[in-house]
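Hi everyone, thanks for making time for this one. Please have a look at the sequence and the model while I talk you through the fold.

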Amino acid sequence: RLINTLAASRLYARDTICVDLGTATTFDCITADAVFLGGVIMPGVRTSAETLFRRTSKLPATDLVPPLRVIGTRTE
């Protein structure tokens, strides 16, 4: 996480929020002067989806596949 944010601050030379989407989703903040401010670790997309499928009675499990378009126009 520190290397990700340090690289982002060096590449963009400004205050940066670095987001990493993996097993966990992390949000980390660093200043343009390379001062690490902190961050948040959350469950990843797959972990969150699996929890939704298990804990909701009317939401069927579906395969997670990349969308054709990034901005959706329907709830499917």
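Let me start with how the elements are assigned: helices (H or I, at least four residues) and strands (E, at least two) are DSSP runs, and they are numbered from the N terminus. On that basis the protein chain has two helices and three strands. Reading from the N terminus, their order is α-β-β-β-α. The radius of gyration is 16 Å, well over the 11 Å that the globule rule gives for 76 residues, so the chain is more spread out than a compact globule. For that comparison, the radius is taken over C-alpha atoms, and the rule is 2.2 Å times the number of residues to the power 0.38.

Two words on provenance. This is a predicted model, where local features need pLDDT of at least 70, side-chain atom pairs count only at pLDDT 80 or more, and totals for chains, interfaces and linings use all residues. Residues are numbered from 1 along each chain as its sequence is written, and side-chain values use heavy atoms, with hydrogens and water left out.

Back to the overall dimensions. Along the principal axes, the C-alpha atoms fill a box of roughly 50 × 25 × 15 Å. The accessible surface of the protein chain is about 6,500 Å², with 60% of it belonging to carbon and sulfur atoms; that comes from the Shrake-Rupley method with a 1.4 Å probe, and for residues only the protein chains shown count as cover.

Now the strands. Two strands pair if DSSP finds at least two bridges between them. Strand S1, residues 16–21, runs antiparallel to strand S2, residues 24–30, and six bridges join them. A hairpin of two residues links S1 to S2, and Thr16 sits opposite Ile30 in S2. S2 is also joined to strand S3, residues 36–43, by seven bridges, again antiparallel. Here Thr25 stands opposite Met42 in S3. The S2–S3 hairpin has five residues between its strands, and Ala34 in that turn has a positive phi of about 70°.

How much of the protein chain is buried? Buried residues make up 17% of the 76, where buried means under 20% relative accessible area, exposed over 50% and partly exposed in between, with a 1.4 Å probe and protein chains only.

Thr5 is in helix H1, residues 2–12, and counts as buried because its relative accessibility is 0%. Which residues does Thr5 touch, leaving out those up to four places away in sequence? They are Cys18, Asp28, Ile30 and Phe36, with contact meaning heavy atoms within 4.5 Å. Between Thr5 and Asp20, 15 residues apart along the chain, the C-alpha separation is 9.9 Å.

Thr31 belongs to the loop between S2 and S3. With a relative accessible area of 16%, Thr31 is buried. Not counting residues up to four places away in sequence, Thr31 touches Ser9, Arg14, Asp15 and Leu37.

Then there is Ala49, in helix H2, residues 45–55. Ala49 counts as buried because its relative accessibility is 10%. The C-alpha atoms of Ala49 and Leu2, 47 residues apart along the chain, are separated by 27 Å.

One last item, on contact range. Among contacts between residues at least 6 apart in sequence, 18% join residues at least 24 apart. Thanks, and I'm happy to go back to any part of the model.
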